[in-house]
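Take each task on your own before reading its solution.

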Amino acid sequence: MNPFRFILTDVSRNHWVSDWSLDSETLPLKTSQPWKIRKTRLHGGLQDGVDLIEVDNGVFSFSVIPTRGMGIGRGSYRGHALGWDSPVRDLVHPAFVELNDRGGLGWLKGFNEWIVRCGLSSNGAPGTDVVIDNNGNEAQVFLPLHGKIANTPARFVEVQIQQEPPFQITVRGVVEESMLFGPALRLTSEISTELGSNALHLSDQVTNLNSTPEELELLYHCNYGPPFLEQDAAVLAPTRTLSPRDARAQEDLTTYDRFRAPTEGYVEQVYFYELLGSPQTQQTQVLLKNASGSLGTSLHFSLEQMPCFSLWKNTASQENGYVTGLEPGTNYPNPKRFEREQGRVVVLQGGETRNYALTLAVHEGRDAVRELERQIEALQRSAEAQVLLAPDARLSAAG
Amino acid sequence: MNPFRFILTDVSRNHWVSDWSLDSETLPLKTSQPWKIRKTRLHGGLQDGVDLIEVDNGVFSFSVIPTRGMGIGRGSYRGHALGWDSPVRDLVHPAFVELNDRGGLGWLKGFNEWIVRCGLSSNGAPGTDVVIDNNGNEAQVFLPLHGKIANTPARFVEVQIQQEPPFQITVRGVVEESMLFGPALRLTSEISTELGSNALHLSDQVTNLNSTPEELELLYHCNYGPPFLEQDAAVLAPTRTLSPRDARAQEDLTTYDRFRAPTEGYVEQVYFYELLGSPQTQQTQVLLKNASGSLGTSLHFSLEQMPCFSLWKNTASQENGYVTGLEPGTNYPNPKRFEREQGRVVVLQGGETRNYALTLAVHEGRDAVRELERQIEALQRSAEAQVLLAPDARLSAAG
Amino acid sequence: MNPFRFILTDVSRNHWVSDWSLDSETLPLKTSQPWKIRKTRLHGGLQDGVDLIEVDNGVFSFSVIPTRGMGIGRGSYRGHALGWDSPVRDLVHPAFVELNDRGGLGWLKGFNEWIVRCGLSSNGAPGTDVVIDNNGNEAQVFLPLHGKIANTPARFVEVQIQQEPPFQITVRGVVEESMLFGPALRLTSEISTELGSNALHLSDQVTNLNSTPEELELLYHCNYGPPFLEQDAAVLAPTRTLSPRDARAQEDLTTYDRFRAPTEGYVEQVYFYELLGSPQTQQTQVLLKNASGSLGTSLHFSLEQMPCFSLWKNTASQENGYVTGLEPGTNYPNPKRFEREQGRVVVLQGGETRNYALTLAVHEGRDAVRELERQIEALQRSAEAQVLLAPDARLSAAG
């Protein structure tokens, strides 16, 4: 049977649905698992004009924000919150975000999602870059923090519901980051989950709409607070090399994989990983587990697609934003110029499409968490982890 | 009896009311005074998406603009207009204001209110500042004119109507100016008036939402054109010292407290006051009166809360914006860096709240105006006014 | 008989109509020519909140975009498309355009119209300028590409339909580009066509709302792709002088008036014209015709109003934006500072209004196209065209 499809937004036809919902009662499926999906437009404050899609597969719920580049707002798995509490409390409409404000840190005025893409043309720390302008000349431009995609609304959004096992619910969106005389990149994102599942899948395609080569930087900023993040929570990853970004990260190098309780005045620490993956598939996974090992969340991705992994530790006070970011990407979040010099900026030929897939799962109970640990240990067997004592000049621009 | 309450916006519940009204017929109170309050959403042009609340206490009407940081658009007391005619005619939605445009003067594209708050993290002339960035390092940032609060929409708005004398009508709004790795300041503003009263009260709280110290600059830019401003109108204030901001203000120092008719090619003149207040309460007041002394408007505030007062004279042509600004604040509107050096930037500890109150009243008839003058004369008795002939290096960065 | 009038937007009365239409059935006129006009608000994606007015005179259709400064989106004459395919596919709401982004090229994120005005206070390449600030001092400001008018929504919009021959349909809009202490310029635009006509008329007034002199730069960026633009399409213009903007334009000087097929990696070439007009009226015209001469489109305007004409050749690949721009203006699109030095910035006295008129017509069939060519040849008779081999230092800042 074909999946049920409902189109929420199609800008090319000026089609847009303000409010809509569907659930296990209005679309009966051959399963007893209750589920629902609801689309709303938010009104008032900084959220005014933001479209929100809330998905609940019965045990796992999360929200997709088409207006913010198909980012994922918050999730909840059997009552365990996925995401974090940012000082920015609302889902900020891009109209209120001036990316170039405050030395290029304007992006931080809208930052509070669980999963936010950084890119597409650039991401990472603000910095100047040299581009070819409309006259064919080199021109210096300033690239603000983390690029534009999270503040670009989707021009097409649809919901698909598979009407046979495993009853996958998919939100599909198309976001275009384009301009004349510059990058024209299309993100086609499928965000899906199966009824009753503990997992969320992001299956993204990035297409260069130009006929000439364009650069791509893509990083998934996946952010966690309690209950996954807490004192003595830990991150486990099959590691080829681990290095501190800078002197600040060096300070706590011996405990790089462990987290503190909320700490007044804590300054962020960032660690750059080169990961190990399956020799056959280059698939890898990273685990964040709570202190007792009774709860964990994992990221699964391909090192061919995303060879870089960054760990952002920001165990500041709860008020200031107690959070850690697990960040697989095509690059490390350095200024783009540095990443290009290091050969880590993807070049898409004219019309070329690349795929990026990321699965996020939640694991409840010691056995389930331990099973993930075993898988990571197995991946680690191919090489011993090297922990570099100082920033690696290849990986860090701030070292 | 509890006040009548109606919530117009509550972003945390995605509650927002597009259009609403209430008046003495639909909510009868034990008074014969007619009144009304009306909430609308504006559509079209630069106003598209702006929320407006119009309050009329029977003799005094004014508008509150939640979308523009709870600023006060225009007022009218018994037919006397409060406010001014700016070249910017519409209530501009923040989406159309790029604060960093034109050397940091983008704020002026939306400036036409009667009362507009400048702040919260910074206000005053544009300038570079040094902040601590997410890496704990000093970073240079550019702070545009008068900060963000006037271009930040309220996330919570409610109306309260007291159902017993003095029948106070209150519009309460919450605006948050926050970002990760930066200021997170909450303004909770209560804007109120009593039925039949000649006064408007602003009772503002500013709370540091972070657990770490944050800076605050708050200035109330209260702006008047005719009929309060006219040739030979005058400003009266109990003055400890008065000094010109710069050479331009020095030119007309002998007539600093008197106003010109609209004057082609007039360039603004700004005077900085250190005021005198009641020795007991530190309360002070300032009066703007018309030429004949038959009409006046006063500001009442505490020098403990707002030790700085600036007088902005901009008696340009009617077309270019014939206006004067009476500006009580925590600081003078110099670049923030200068104000910090002079010890005039407020530091809020983590979680700390400070209160700021301002009452604006209108006085009709010579007797009423004369009574205000007498009160100001009484405050002046504690010291003789010193008029400095040149800019005071402590007060003016432009001197 | 008075024309039928319908007001779609009047911000001063908070009047705005979301969706509306009228046609030959709902407003019968004494003609058999069917016609229609439709106003919609767009929703979703980058178009969210954009107002669109589609006009069809029976043979010629086009769209007016009040939200984007009364620009003209796309047209179609008897099935021939007017406009082009930009990498920016949607009608972008100004809230998503940060003009100062990317070295002042943010305007290109919203650029896809058939006809877009550049101005009003400035247009042309980004650059620094010196203005007089609120303190009467010289201040350096950065002027981004092509100014603000195309990203400023109209505060008044009405439709007028003449109820007797020639049954003109007019969309009239008022857009104000204003700020305190800066330019305050009002554009009043009447965009009209007659039923069954092959022509579109833009009749614009620009008024200086200030009482003091203000500068004006106005350029009409009229952009064409296929079927008017194709390999061996040509541009014809009565030419006093023709000069290349820069070395890149110099490369193909001998074929400046002919176009290439879509060309991978093509870098734009710009030519500056001083045109010849009728000695009596100073009216002139420019023709773009397809390769076979069976289809053409012409621009008609006054050299008194717009003495400058620029030809923008951007025959890049179809994907990257295959387009040519015919650009009559008060100036050439150099940085404003250069244009001022060359005496090409208009100064409007306080309250002064200037008129700018532009007619665009489509010509089907060899005879019709040939007739236009004859008219241009006639205008050419008064002087021989001088083709300068190198950039003219008077006309080009990039030479």
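**Exercise 1.** Find the bridge partner of Glu158(C) in S13(C).

*Solution.* Step 1: the bridge partner of Glu158(C) in S13(C) is Arg172(C); strands are DSSP runs of E, at least two residues long, numbered from the N terminus. Step 2: S12(C) and S13(C), residues 168-178, run antiparallel and are joined by six bridges. Step 3: in the hairpin of these strands, with six residues between them, Phe167(C) has a positive phi near 55°.

Before going on, note that this is a predicted model, in which local features need pLDDT of at least 70, side-chain atom pairs count only at pLDDT 80 or more, and totals for chains, interfaces and linings use all residues. Residues are numbered from 1 along each chain as its sequence is written, chains are lettered from A and ligands numbered from 1 in the order in which they are written, and side-chain values use heavy atoms, leaving out hydrogens and water.

**Exercise 2.** Identify the residue that stands opposite Glu158(C), and say how S1(C) and S12(C) pair.

*Solution.* Step 1: the residue opposite Glu158(C) is Ile7(C). Step 2: S1(C), residues 4-10, pairs with S12(C) in the antiparallel sense over six bridges; pairing requires at least two DSSP bridges between two strands.

**Exercise 3.** Explain why S12(C) is largely enclosed by the rest of the structure.

*Solution.* Step 1: in a regular strand, side chains alternate between the two faces of the sheet. Step 2: on one side of S12(C), Phe156(C), Glu158(C) and Gln160(C) are buried (under 20% relative accessible area, 1.4 Å probe, protein chains only). Step 4: six of the six residues are buried, so S12(C) is largely enclosed.

Note on methods
Buried < 20%, exposed > 50% of the residue type's maximum accessible area, 1.4 Å probe, protein only. Helix = DSSP H or I, 4+ residues; strand = E, 2+ residues; numbered from the N terminus.
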